[in-house]
Amino acid sequence: MDDVAELRAKHLAAIAAAADEAALEEVRLAAIGKKGEVALALRGLGAMSPEERQVAGPALNALRDEIASALAAAKAALSDAALSARLAAEWLDVSLPPRPAAQGTIHPISQVMDEMAAIFADLGFAVAEGPQVEDDWHNFDALNIVPEHPARQEHDTFYMARADGDNRPPHVLRTHTSPVQIRALQGQGVPIRVIAPGRVYRADYDQTHTPMFHQLEGLAIDRDVTMANLKWTLEEFCRAMFEVDGVELKFRASHFPFTEPSAEVDIRCSWKDGQLKIGEGDDWLEILGSGMVHPKVLAAAGVDPGQWQGFAFGLGVDRIAMLKYGIPDLRAFFDSDLRWLRHYGFAALDVPTLQGGISR
Ligand code: DAH
């Protein structure tokens with residue numbers, strides 16, 4: 001029986017010393033594999049006397065079982081250890097701030113649109129979108145711009161090609177973001193408060209005009225929205241956008257087919273040594289068009305003008321970006337000049353918020 005004790009001590013020690021699954025497999029083969037020592041000892045039982053066999057048989061069987069379960073336990077422990085080691089090695093603190101992107105910047109137009117969205121979100125405006133290839137009805141008719149209206153020429157519209165034999169009015173590249181008013185009203189109904197930032201297109205090119213530029217449309221319709229609400233909203237917006245408390249706006253009577261009454265809005269500013277300052281001085285700079293939405297526009301969008309009213313406004317995003325960040329030439333926005341982008345671009349993680357700061 002000393003043999004059994006010896007075998008037991010030897011193989012259990014080997015199991016304890018095994019560093020990996022391959023080593024465990026070697027122990028298994030050497031102990032209880034077909035040609036293992038315990039298996040051979042079991043085979044030797046036949047040559048024993050019945051008395052010897054009665055003692056050695058159960059002892060060897062018990063040893064084989066003990067080694068098998070020691071092997072299984074060691075194997076489980078090894079794979080636990082391997083998993084723990086992997087978890088420790090692959091550990092990552094997901095709450096750490098990401099490394100700043102070394103290359104690439106946010107374009108000033110994107111930055112300014114994000115700033116505007118943050119300010120208007122705080123005033124309860126959601127963001128609405130519409131297609132850049134727009135149909136004639138949404139871009140013009142629904143906005144009370146009838147076919148013979150001079151505004152259709154003034155807009156220097158890009159028309160899409162029509163298929164042969166198609167006599168419907170051609171689609172256009174939208175000339176302003178105002179058609180999103182119609183789409184938002186049709187899609188969401190009233191009451192509504194939305195802004196619609198996006199690209200617009202007109203066939204025009206000089207120092208202050210590019211064939212593609214950006215507008216931001218605003219629309220607020222409820223039962224009792226008035227010009228006073230429009231004025232307050234735009235003043236709040238300008239105060240937050242230009243970060244001057246003393247902003248002063250001038251509402252100049254104007255005409256747009258889709259608003260009645262209509263007003264163009266100028267902001268008080270000064271030009272000193274080529275430097276623009278908002279909120280002081282004796283100059284006025286036009287920044288947007290606005291007015292009370294025309295009853296015909298509401299009706300075209302399926303809203304009862306006897307029950308609902310409100311304001312709309314449209315501003316040029318590029319122009320405000322130029323004013324705010326002192327960018328002199330509009331065309332540079334679209335040149336994709338890397339040196340310009342590095343100079344005027346914004347860090348990717350400088351997301352504008354009212355809390356963290358709108359301007360940089
Ligand atoms: N759609 C006009 C344009 O592109 C801008 C505009 C003026 C929009 C007055 C409005 C508005 O919503 O009320 O010239």
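Guide: Happy to! One thing to keep in mind is that this is a predicted model. Let's begin with helix 8, which covers residues 179-188.

Visitor: Okay, which residues of helix 8 are buried?
Guide: Pro179, Val180, Gln181, Ile182, Ala184 and Leu185 are the buried ones there.

Visitor: And what follows helix 8?
Guide: Gly189 does, and its phi is positive, near 70 degrees.

Visitor: Let's talk about cavities. How many of 30 Å³ or more are there?
Guide: The count comes to one. The space inside the largest cavity is about 30 Å³.

Visitor: Now pockets. What volume does the largest pocket have?
Guide: About 1,200 Å³. Its lining has 41 residues, and Arg202, Phe213, Gln215, Glu286 and Gly316 lie nearest the centre.

Visitor: Which element gives the largest share of that lining?
Guide: Strand 9 does, with six residues. Strand 9 spans 283-293, and the elements that supply at least two residues each also include helix 7 (151-154), strand 5 (212-222), strand 10 (309-316) and helix 11 (317-325).

Visitor: And how does the lining of the largest pocket divide into nonpolar, polar and charged?
Guide: There are 14 nonpolar, 18 polar and nine charged residues.

Visitor: What about the second largest pocket, what's its volume?
Guide: That one has a volume of about 440 Å³. It is lined by 20 residues, with Leu276, Met322, Leu323, Lys324 and Gly326 nearest its centre.

Visitor: Where does the largest share of its lining come from?
Guide: From helix 11, which gives five residues. Helix 9 (227-242) and strand 8 (275-278) also supply at least two residues each. By type, the lining of the second largest pocket has eleven nonpolar, four polar and five charged residues.

Visitor: You mentioned helix 9. At what angle does it cross helix 5?
Guide: Roughly 130 degrees, with the axes of helix 9 and helix 5 (residues 108-122) coming within 10 Å. That angle makes helix 5 oblique to helix 9.

Visitor: Is that crossing left-handed or right-handed?
Guide: The crossing of helix 5 and helix 9 is right-handed.

Visitor: How far is Asp222 from Pro352?
Guide: Their C-alpha atoms are separated by 29 Å, and the two residues are 130 apart along the chain.

Visitor: One last residue. Where's Asp156?
Guide: Asp156 is in the loop between helix 7 and strand 3 (172-173).

Key:
Residues are numbered from 1 along each chain as its sequence is written. This is a predicted model: local features need pLDDT of at least 70, side-chain atom pairs count only at pLDDT 80 or more; totals for chains, interfaces and linings use all residues. Side-chain values use heavy atoms; hydrogens and water are left out. Buried means under 20% relative accessible area, exposed over 50%, partly exposed in between (1.4 Å probe, protein chains only). Helices (H or I, at least four residues) and strands (E, at least two) are DSSP runs, numbered from the N terminus. On a 1 Å grid over the protein atoms alone, a cavity is a set of points where a 1.4 Å probe fits but cannot get out, and a pocket is an open set with protein on both sides within 12 Å along at least five of seven lines; lining residues have an atom within 4 Å of a point. Grid points are joined across faces, edges and corners, and a volume is the space filled by probe spheres set on the points. Ala, Val, Leu, Ile, Met, Phe, Trp, Tyr, Cys and Pro count as nonpolar, Asp, Glu, Lys and Arg as charged, and the others, Gly among them, as polar. Axes are lines fitted to C-alpha atoms, for helices over the stretch in contact, and angles run from 0 to 180 degrees between N-to-C directions. Angles under 35 degrees count as roughly parallel, over 145 as roughly antiparallel, 65 to 115 as roughly perpendicular and the rest as oblique. A crossing is left-handed if the near helix is turned anticlockwise from the far one by less than a right angle, and right-handed if clockwise.
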